[in-house]
Amino acid sequence: MQDLYMENQTPLPYQVPTQPAPMTYQDAPEPRPPVSPRRSTGRVRTGAIVALTLLLAVVLGVGLFAGWQFGRTGNASTNTAVAQSGTGSATTAPSLTGNNIEAVREAVVAKVRPAVVQVNVSTSNGSALGSGVIIDRRGYIVTNNHVVDGSQSIEVVLYDGTKLQAQLVGTDPADDLAVLKITPPSSGLTVITLGDSSKLQVGQEVLAIGNPLGITQTVTNGIISSVGRNVSEGQGGATIANAIQTDAPINPGNSGGALVDLQGNLIGIPTLSAIDPEFNTPANGVGFAIPSNRVASIVPQIIQTGSVTQN
């Protein structure tokens, strides 16, 4: 979706006693010497202390077990929404020095591309395509909501050309995000690493990977032009808060793909380009991406509940 870039606009509206033992009778016992009352009282007191100690030990043990069991079940419930890393790529990006920029770019591309997919959508009005990023080894993929809006069926094309049917797990129209689910192949999935978008610096180099115009696995490069933009997608569309502005080309089909840094970390989801109002065409070098920290907040909620429950 492509619309005018509008900075600092007001966001558009979007949603037991026991029975006594029977008495027995027997011959009277032989007389015995009287027992000292003091000694009898001491024995009774000692026995009571021992019994009380045992009772406290039992209560404490039960409490500890209950707490441990609650902790186990509580953690299991919470962890269902945590993104799980996958097999990853064997490629690692070297550290950037003064003369190895090309080698770093090549390593980053080799690391990230297997985690970027093409998303083919069938709607009542025809078909559309976009991009997506594998963010969980169980087969969860993040993309833009506008890519899958109105979908009747969704197909995902993996890096190696494998085509898989996908289910729509949930959407977040307010942030223009959606999560898809595929059944992972036996070979597993390469999962992208989420970066920290709050640490981005204007001027740092980035790469955009997606499927512009259906040309699969296309890589473009640029820099971070600005951060903290508030961008409207137009009437009825989302308003992206704290958007990342980049001059890395973002064309139709790039939506939902990956904007990565030179360590191969996902720092944004490319979403739209600005429109030149004079010519009503995409403005060159003015693109925007949803920051990865927003993705990290929203996606686990969608995985767990199918919607966003906490902003």
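Trainee: What joins S1 to S2?

Mentor: A hairpin joins S1 to S2 through two residues. This is a predicted model, in which local features need pLDDT of at least 70, side-chain atom pairs count only at pLDDT 80 or more, and totals for chains, interfaces and linings use all residues. Residues are numbered from 1 along each chain as its sequence is written, and side-chain values use heavy atoms, with hydrogens and water left out.

Trainee: How many bridges join S1 to S2, and do they run parallel or antiparallel?

Mentor: S1 (residues 116-123) and S2 (residues 126-136) run antiparallel, joined by eight bridges. Two strands pair if DSSP finds at least two bridges between them. Strands (E, at least two residues) and helices (H or I, at least four) are DSSP runs, numbered from the N terminus.

Trainee: Which residue is the bridge partner of Thr-123 in S2?

Mentor: Thr-123 is paired with Gly-126.

Trainee: How many bridges join S1 to S4?

Mentor: Six bridges join S1 to S4 (residues 151-157), and these two strands run antiparallel. Gln-118 of the chain stands opposite Val-157 in S4. S1 is mostly covered, with six of its eight residues buried. Buried means under 20% relative accessible area, exposed over 50%, and partly exposed in between (1.4 Å probe, protein chains only).

Trainee: What does Val-142 touch?

Mentor: Not counting residues up to four places away in sequence, Val-142 touches several residues, including Ile-135, Leu-177, Ile-269, Val-295 and Val-299. Contact means heavy atoms within 4.5 Å.

Trainee: Which residues of H4 are buried?

Mentor: Ser-292, Val-295, Ile-298, Val-299, Gln-301, Ile-302 and Ile-303 are buried in H4.

Trainee: What span should H4 have at 1.5 Å a residue?

Mentor: The 14 residues of H4 (residues 292-305) should span 20 Å, and the end C-alpha atoms are 20 Å apart, which agrees. The expected span is 1.5 Å times one less than the number of residues in the helix. H4 is followed by Gly-306, whose phi is positive, near 85 degrees.

Trainee: Which residue has a positive phi although it is not a glycine?

Mentor: Asp-176 is one of them, with a phi of about 55 degrees; Leu-213 also has a positive phi of about 55 degrees without being a glycine. Most residues other than glycine have a negative phi.

Trainee: Is Asp-176 buried or exposed?

Mentor: Asp-176 is buried, with a relative accessible area of 2%, and lies in the loop between S5 (163-172) and S6 (177-181). Leu-213 counts as exposed at 63% relative accessibility, and its place is in the loop between S8 (205-210) and S9 (218-232).

Trainee: Where does Gly-203 lie?

Mentor: Gly-203 lies in the loop between S7 (193-194) and S8, and at 44% relative accessibility it counts as partly exposed. Gly-203 touches Ile-223 and Ile-224, not counting residues up to four places away in sequence. The C-alpha atoms of Gly-203 and Ile-223 are separated by 5.4 Å, although these residues are 20 residues apart along the chain.
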